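These notebook entries record what I looked up in one structure, entry by entry. I begin with a single residue and then turn to the wider picture.

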Amino acid sequence: MALKSTPDRYGSVAIFVHWITALLIAGLLLAGFTAANTEDPATKAFILRVHAPLGSAVLALTVFRVFWWWFADRKPDAVAGVPRNQEIAARAVHGLLYVAVIGAAVSGIATFAFSGAGDILFGNAPGPLPDFWNFAPRYGHAIFTRLLVVLFAIHAGAALYHQFVRKDRLLSRMGIGQ
């Protein structure tokens, strides 16, 4: 498989970045919602010690992905026979996914920075974790992560629709199947 995309298939770089990012986001959402609903401070701290660096990794992968599309590769052609309104919706969902991922990451980093949680979790600062809701970026993080859940579901649902209803082998463009 080629590193770069062809008119009918994504390249191995795009496929790898897509799937590793998708897996990390799914794990981050699970961990984040679990941490938010955990009362035990030690459990919450443990989860956040994993959540924060993985969130930063997703941000780095997403920035890499944007630059990859702008400077090194081009996306495959649109799937033949897809109505124009679905093509517009697909572009909108993809664009909003980038916005939601970057927004969630930046607001998460800002929440850690303003609250001092980074020093508590990764440094030598004493004390319990702060109540993150006392810091404005936490509200943005909540909005972006919930938007991400909705967009993630729409994106996955559309891929499954293409694969099993339209039967246009869309997933093979992303490395699944022939």
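Entry 1: I looked up Arg169 and found it partly exposed, because its relative accessibility is 49%; here buried means under 20% relative accessible area, exposed means over 50%, and partly exposed lies in between, with a 1.4 Å probe and protein chains only. I note that the model is predicted, that local features need pLDDT of at least 70 and side-chain atom pairs pLDDT 80 or more, while totals for chains, interfaces and linings use all residues. Residues are numbered from 1 along each chain as its sequence is written, and side-chain values use heavy atoms, with hydrogens and water left out.

I placed Arg169 in the segment after α5. Its phi is near 60°, a positive value in a residue other than glycine. I then checked Lys167, which also has a positive phi, near 55°, and is not glycine. Lys167 too belongs to the segment after α5. I recorded Lys167 as exposed, because its relative accessibility is 61%.

**Entry 2: the overall fold.** I counted 5 helices and 0 strands in the protein; helices (H or I, at least four residues) and strands (E, at least two) are DSSP runs, numbered from the N terminus. The order of elements from the N terminus is α-α-α-α-α. I noted that the C-alpha trace spans about 60 × 30 × 25 Å along its principal axes. Of the 178 residues in the protein, 38% are buried.

**Entry 3: salt bridges.** How many salt bridges does the structure hold? I found 3, a salt bridge being a side-chain nitrogen of Lys or Arg within 4 Å of a carboxyl oxygen of Asp or Glu.

- I found Arg166 bridged to Asp168, with the closest N and O atoms 3.1 Å apart. Arg166 counts as partly exposed because its relative accessible area is 28%.
- I found Arg91 paired with Glu87 at 3.6 Å, N to O. Both residues lie in helix α3, 4 residues apart, about one turn of the helix. Arg91 is exposed, with a relative accessible area of 53%, whereas Glu87 is buried at 18%.
- I found Asp77 joined to Arg74 at 3.8 Å, N to O. Asp77 is partly exposed at 39% relative accessibility, and Arg74 is partly exposed at 48%.

**Entry 4: the largest pocket.** I looked up the largest pocket and read a volume of about 1,200 Å³. On a 1 Å grid over the protein atoms alone, a pocket is an open set of points where a 1.4 Å probe fits, with protein on both sides within 12 Å along at least five of seven lines, and lining residues have an atom within 4 Å of a point. Grid points are joined across faces, edges and corners, and the volume is the space filled by probe spheres set on the points.

By class I recorded 28 nonpolar, 7 polar and 6 charged residues in the lining; Ala, Val, Leu, Ile, Met, Phe, Trp, Tyr, Cys and Pro count as nonpolar, Asp, Glu, Lys and Arg as charged, and the others, Gly among them, as polar.

**Entry 5: the second largest pocket.** I read a volume of about 750 Å³ for the second largest pocket. Its lining has 31 residues, and the closest to the centre are Gly32, Leu48, His51, Gly108 and His141. Helices α1, α2, α3 and α5 each give two or more residues to this lining. I recorded its classes as 19 nonpolar, 8 polar and 4 charged residues.

**Entry 6: a surface patch.** I looked up a nonpolar patch on the surface, formed by Val63, Phe67, Trp70 and Phe71, with about 500 Å² of accessible area together. Patches are made of residues with over 30% relative accessible area and no salt bridge, with like charges joined within 9 Å and nonpolar side chains (Val, Leu, Ile, Met, Phe, Trp, Tyr) within 5 Å. Accessible areas come from the Shrake-Rupley method with a 1.4 Å probe, and for residues only the protein chains shown count as cover. I placed Phe67 in helix α2 (residues 41–72). Phe67 counts as partly exposed because its relative accessibility is 41%.
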